[in-house]
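Keep the structure in view as you go.

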Amino acid sequence: MTVSSPILPGRARAVVIGGGIIGTSVAYHLAHAGIEVVLLERDRLTCGTTWHAAGLMATFGSMSQTSTELRRYTADLYSRLEAETGLATGLKRVGLIELATEPGRLEEYRRVAAFNELCGVEVHEISPREVAERFPLARVDDVLAGFYIPADGRVNPVDVTMSLARGARMAGARVIEGVPVTGFSKQRGVVTGVRTPYGDVEAEYVVNCAGMWARQLGELAGVSIPLQAAEHYYLLTEPIEEVSADWPVLEDPASYGYYREEGGGLMLGLFEPVCAPWRVEGIPAGFSFGELPPDWDRMAPYLERAMSRIPITEHTGIRKFFCGPESFTPDLAPIIGEAPELKNYFVAAGLNSIGILTGGGIGRAVAAWIADGRPDIDVTGINIDRLHPYQANPRYRATRTVESLGMVYETHYPGRAMRTARGAKVSPIHQRLVEQRAYFRDVSGWEGADWYAPEGVEPKIGDLSWGRQDWYAYWEAEHHAARTGVILMDMAFMAKFEVTGADAGRMLDRISAGAVNGESGRITYTQWLNEGGTLEADLTVTKLDDERFWVVASDTAHRHVETWMRRHFAGAHACVTDVTSGYAQINIQGPRSRALLAAVTQADLSDEAFPYRSAAVVPIGFARVLCIRITYLGELGYELYIPAEQAQHVYDVLTGAGRAHGLRHAGLKALASLRMEKGYRDYGHDIDNTDTVLEAGLGFAVALGKPGGFIGRDAVLAQRERGPLTRRLMQVLVTDPEPLLFHGEIVLRDGRPLGYIRSASYGFTLGGAVGLAMIDAGEPVSRAFLDSGQWAVRIADRTYPAVVSPRPLYDPGNERIRM
């Protein structure tokens with residue numbers, strides 16, 4: 001019998017690669033957006049990892065607004081698909097219970113519950129007795145509480161994928177199986193189509209939804225996608241008479257397990273703390289509907305722990321112990337968005353075992369991004385451009401994946417740093433900081449000094465917790481040193497770019513909301529906006545001369561900023577050079593910073609000769625150093641950019657002279673507390689791509705009247721003309737000195753939730769925990785509105801009075817930075 005070759009269209013506006021839950025969802029939403037789309041599946045729909053997914057539907061568990069929105073939309077979509085397509089999804093809203101068996105997890109879940117309730121998720125804290133009533137076979141003697149989400153449950157992954165595929169076809173999409181993509185066509189940095197054994201398909205957009213094959217497929221296009229497959233397990237028992245299909249899903253992270261009814265028995269799924277990567281060298285092209293031989297010896301301890309939660313499983317027959325691969329990412333966040341290396345090449349992969357429960361939302365978000373030209377949700381934490389090419393190296397993937405899967409069921413304590421694949425990038429003065437007893441954490445792959453231990457104390461942390469750690473006193477001393485004396489802070493991880501050429505100033509001024517092309521020797525704090533007026537970057541631009549500029553952004557925005565410049569400078573005489581690795585950045589900050597620098601340079605750094613925002617190359621020792629008077633801490637201060645090969649020498653000169661001035665080393669914990677007291681923003685943490693520059697409270701940095709305008713100017717003007725803002729970023733200070741803020745705590749006005757803490761620290765000068773929150777009031781956020789209400793912050797299950805302010809609570813007049 002002769003099998004005919006698939007017939008492909010010669011062109012489509014979008015080609016989606018991969019027929020799992022993500023690919024069919026993207027195709028479905030693109031088709032419903034009116035975009036001509038073709039989905040190509042190398043074998044059969046669901047044949048990769050979708051077919052063996054457990055199908056859990058959980059809206060509970062995330063402290064990310066983006067993730068929660070994706071989950072909620074997905075559940076809603078699955079609930080209405082059958083009526084649209086005629087194919088059932090197997091959605092059963094039997095509920096879900098999360099168990100807390102130790103105080104740290106109980107605190108976490110109470111915080112998560114408060115946050116999820118703000119996002120519209122119904123959550124109930126229930127007693128151990130109530131857990132047993134809903135899941136009678138569970139052992140509850142060690143349970144502190146359960147968290148019950150009535151609308152969560154389970155879905156059939158194959159059924160929902162088939163329903164999405166039919167819905168896509170009904171909306172005009174073509175879904176073609178048995179067609180592997182073998183390459184890509186591109187022109188001048190833009191993807192133009194895909195290659196297959198059956199012919200090429202031209203396309204304006206390509207979306208890589210190839211799951212655990214996505215990395216290898218990306219390599220064919222020159223796109224780095226750092227994900228890695230790992231073994232993932234679940235056990236199916238023989239039928240158990242007492243089990244009901246109406247029981248909720250039960251999750252017990254402390255036992256590494258989740259439990260639900262399956263075939264009259266139980267499915268017992270596992271997320272072990274130390275996993276096994278699979279096929280680091282590459283996933284076989286023909287691996288379809290595949291299983292892996294289970295490693296009983298490795299998994300036995302974890303399986304025994306999980307079975308102990310449901311004792312009857314220890315004496316019940318095993319129908320199957322299943323092992324199949326799933327892909328995981330370096331930071332356990334999805335990889336979504338347009339590839340920095342190739343315009344119009346999108347990726348939606350690396351779902352870290354939450355592909356089913358976020359699939360609908362991921363598909364909608366990617367489709368909206370393509371249709372509108374920009375995302376309509378906060379993507380700063382999931383955007384592919386947060387990751388770097390070295391993270392796709394085999395050794396890195398093999399090392400980091402072992403840890404990332406295990407993080408799924410860890411208690412997510414604040415300040416928890418990644419422990420694997422460390423030492424990939426170090427500052428030019430790293431060894432000097434080791435000698436100063438720095439405690440390092442992973443900062444976008446860099447070793448960043450978080451805090452410093454005093455002499456005779458080893459820099460290490462004990463057990464993580466939600467309370468004060470034993471190193472808090474060292475952090476507090478560093479904070480006060482910056483406020484009263486002088487500190488040295490290593491910031492080598494900051495993204496640094498030299499932009500040169502005859503058009504450099506004009507192009508930078510075009511993409512900057514601030515006026516950055518003024519006089520030479522000046523630094524400008526500015527934002528980059530899209531046409532919709534929302535934020536794309538928050539950074540500084542220093543004009544060194546008419547054809548040379550210095551752009552500095554945060555570590556997390558590194559590739560986004562670089563890509564934004566390269567794509568907007570196309571055709572202009574402007575060259576972007578990434579010099580991050582070529583220069584150290586040492587910040588000297590505090591009231592005595594000028595006195596220290598005066599002791600090491602002949603340059604006149606007096607306020608008259610070198611006022612705030614000045615920039616110049618100055619001599620320090622044997623080096624020529626770019627010195628910029630600017631601060632991110634709220635004090636008189638300077639940023640020093642030093643050629644990497646001279647960094648240790650300059651460091652030695654600074655610390656040698658610093659002894660007479662009481663110089664102290666300070667780490668990133670102090671950076672966080674100092675900048676938070678001042679209300680300084682951090683893109684990707686307290687401001688993101690969904691915020692306008694006015695809502696972020698950064699209107700003062702916008703030059704609406706500059707000649708030539710800037711990208712997003714019309715949107716900024718339109719928002720101003722609409723009148724007072726109803727949504728505004730505010731500084732929030734808890735007046736009780738005891739509680740701590742981290743992220744996700746709920747801000748209340750007269751008992752009504754109006755937002756949540758996006759990022760926070762402890763204000764040692766202000767005397768309480770302090771954070772930044774986007775207040776969505778539904779009415780003008782005026783001074784009268786702020787003063788007339790009683791403000792409070794809900795932290796887990798407790799509420800504390802608070803002060804809310806649009807202006808910095810520390811030095812609102814900026815007197816200290818202009819000393």
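**Exercise 1.** Work out which side of helix H17 faces outward and which faces inward.

Solution. This is a predicted model.
Step 1: Find the exposed residues. Asp-714, Arg-720 and Glu-721 sit on the face of H17 turned away from its buried side.
Step 2: Find the buried residues. In H17, which spans residues 713-721, they are Ala-715, Val-716 and Gln-719.
Step 3: Look down the axis. The buried residues of H17 fall within an arc of 100 degrees, so they line one face of the helix.
Step 4: Name the partner. Those buried residues pack against strand S23 (522-529).
Step 5: Look past the end. Gly-723 follows H17, and its phi is positive, near 105 degrees.

**Exercise 2.** Describe how helix H1 (residues 21-32) packs with helix H5 (residues 157-170).

Solution. 
Step 1: The angle is about 25 degrees, and the axes are 8 Å apart.
Step 2: Classify the angle. Values under 35 degrees count as roughly parallel, so H1 is roughly parallel to H5.
Step 3: State the hand. H1 and H5 make a left-handed crossing.
Step 4: Sort the contact residues. Eight are nonpolar, five are polar and none is charged.
Step 5: Pick out examples. Ile-21, Tyr-28 and Ala-31 are among the H1 residues in the contact, and the H5 side includes Val-160 and Leu-164.

**Exercise 3.** Decide whether Leu-266 is buried or exposed.

Solution. 
Step 1: Locate the residue. Leu-266 lies in strand S15 (residues 265-270).
Step 2: Apply the cut-off. Buried means under 20% relative accessible area. Leu-266 has 2% relative accessibility, so Leu-266 counts as buried.
Step 3: List some neighbours. Leu-266 touches residues including Phe-135, Leu-235, Ile-240 and Ile-310.

Terms used:
Residues are numbered from 1 along each chain as its sequence is written. This is a predicted model: local features need pLDDT of at least 70, side-chain atom pairs count only at pLDDT 80 or more; totals for chains, interfaces and linings use all residues. Side-chain values use heavy atoms; hydrogens and water are left out. Axes are lines fitted to C-alpha atoms, for helices over the stretch in contact, and angles run from 0 to 180 degrees between N-to-C directions. Helices (H or I, at least four residues) and strands (E, at least two) are DSSP runs, numbered from the N terminus. Angles under 35 degrees count as roughly parallel, over 145 as roughly antiparallel, 65 to 115 as roughly perpendicular and the rest as oblique. A crossing is left-handed if the near helix is turned anticlockwise from the far one by less than a right angle, and right-handed if clockwise. Contact means heavy atoms within 4.5 Å. Ala, Val, Leu, Ile, Met, Phe, Trp, Tyr, Cys and Pro count as nonpolar, Asp, Glu, Lys and Arg as charged, and the others, Gly among them, as polar. Buried means under 20% relative accessible area, exposed over 50%, partly exposed in between (1.4 Å probe, protein chains only). The arc is that of the directions from the helix axis to the C-beta atoms. Lists of a residue's contacts leave out its neighbours within four places in sequence.
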